[in-house]
Amino acid sequence: MGDSLKVEASYAKGAAKYVWGGTVDTTGGGRFAKLGAGAGTAGSMAFGYVLDGVYTNGSSIDLSSAWEVSAYYEHYWTPAWRTSLFGSYTSITYGSAGNAALLAAANGTLLNTGSFNGTNTGNFNFAVAQVGTRTAWTPVQNLTLSAEFVYSRLIQNQNGTFTANANTIPGVAAGSFEMKNQNLFNGSVQILRSF
């Protein structure tokens with residue numbers, strides 16, 4: 001079997017979930033969030049929304065723009081052993097009017113979980129960069145053992161300090177979170193048996 005290389009890219013205006021992967025809905029639209037260590041009472045935080053558009057009373061819908069590029073390379077060491085390397089970069093932007101509306105909401109009460117208290121002067125443009133690797137072994141036909149590792153970086157453009165209300169974010173005490181980019185590390189092991 002030969003090595004393979006795949007590259008793809010996509011862009012959407014007002015249809016961000018086609019780029020970001022379908023159903024990432026949670027309360028308040030598609031949301032990515034990560035709490036981490038850092039300065040302040042509680043630590044640091046990054047979050048971003050994947051919304052098709054932003055609407056405020058008396059205005060039209062400001063459509064978001066989303067794009068992504070991803071690549072995948074797989075190398076066969078032997079017919080039984082193969083390793084792949086993959087990565088992607090996915091971004092969403094809201095434009096000046098959309099960002100102004102989101103920022104106004106954030107500096108007020110944000111989903112009843114807390115507030116920036118007017119300290120956030122950034123914007124809600126958001127991106128996720130990922131790189132990973134997977135090694136698979138097929139010792140016999142229809143049985144594959146594999147291990148995968150993925151590193152993700154949440155890249156947000158907000159600043160300021162978010163003050164969380166008590167008992168509104170599950171498992172998180174009330175406190176202050178400095179807005180910072182966050183790192184995530186994921187790994188998995190899989191045993192796949194086909195019949």
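This is a walk through a predicted model, stop by stop.

**Whole chain**

Start with everything shown as a cartoon. The protein has 195 residues, and 35% of them count as buried. Its secondary structure comes to two helices and 15 strands.

**The main core**

Select Trp20, Phe47, Ile92, Tyr94, Phe124 and Phe162. These residues have the most contacts inside the largest nonpolar core, a set of 28 residues. Now colour the elements that each supply at least two of its residues: helices H1 (16–20) and H2 (95–107), with strands E4 (43–50), E11 (126–140), E13 (161–164) and E14 (175–179). Which element gives the most to this core? E4 does, with five residues.

Stay with Phe124 and show its surroundings. Leaving out residues up to four places away in sequence, Phe124 touches Phe47, Tyr49 and Tyr94, along with Asn99, Leu102, Leu103, Ala106 and Gln158.

**Asn123**

Step back to Asn123. This residue sits in the loop between strand E10 (114–115) and E11. Buried or partly exposed? Asn123 is partly exposed, because its relative accessible area is 24%, and buried means under 20%. Draw a distance from the Asn123 side chain to the backbone nitrogen of Asn125: a polar atom of that side chain lies 2.9 Å away. Beyond four places in sequence, Asn123 touches Asn99, Asn157 and Gln158.

**Ser64**

Move to the loop between strand E6 (62–63) and E7, where Ser64 is placed. Ser64 counts as buried because its relative accessibility is 0%. What does its side chain reach at 2.7 Å? The Ser64 side chain reaches the backbone oxygen of Leu51. Ser64 is in contact with Ala12, Lys13, Gly14 and Ala16; with Leu51, Asp52 and Gly53; and with Ile92, Thr93 and Tyr94. Two of these names come back from the core stop: Ile92 and Tyr94.

Pick out Tyr73, which lies in strand E7. Tyr73 is partly exposed, with a relative accessible area of 36%.

**The salt bridge**

Select Glu74 and Arg82. Their side chains meet in a salt bridge, 3.3 Å from N to O. The count for the model is one salt bridge.

**Last stop: Asn142**

Finish in the loop between E11 and strand E12 (143–156), where Asn142 is found. Check its backbone. Phi of Asn142 is near 70°, a positive value in a residue other than glycine. Asn142 counts as partly exposed, at 36% relative accessibility.

Technical notes: Residues numbered from 1 in each chain as written. Predicted model: local features only at pLDDT ≥ 70, side-chain atom pairs only at ≥ 80, totals over all residues. Heavy atoms only, no water. Helix = DSSP H or I, 4+ residues; strand = E, 2+ residues; numbered from the N terminus. Buried < 20%, exposed > 50% of the residue type's maximum accessible area, 1.4 Å probe, protein only. Polar contact = N/O pair within 3.5 Å; in protein donor to acceptor, adjacent residues only side chain to side chain. Contact = heavy atoms within 4.5 Å. Core = buried A, V, L, I, M, F, W, Y, C linked by side-chain atoms within 4.5 Å. Salt bridge = Lys/Arg side-chain N within 4 Å of Asp/Glu carboxyl O.
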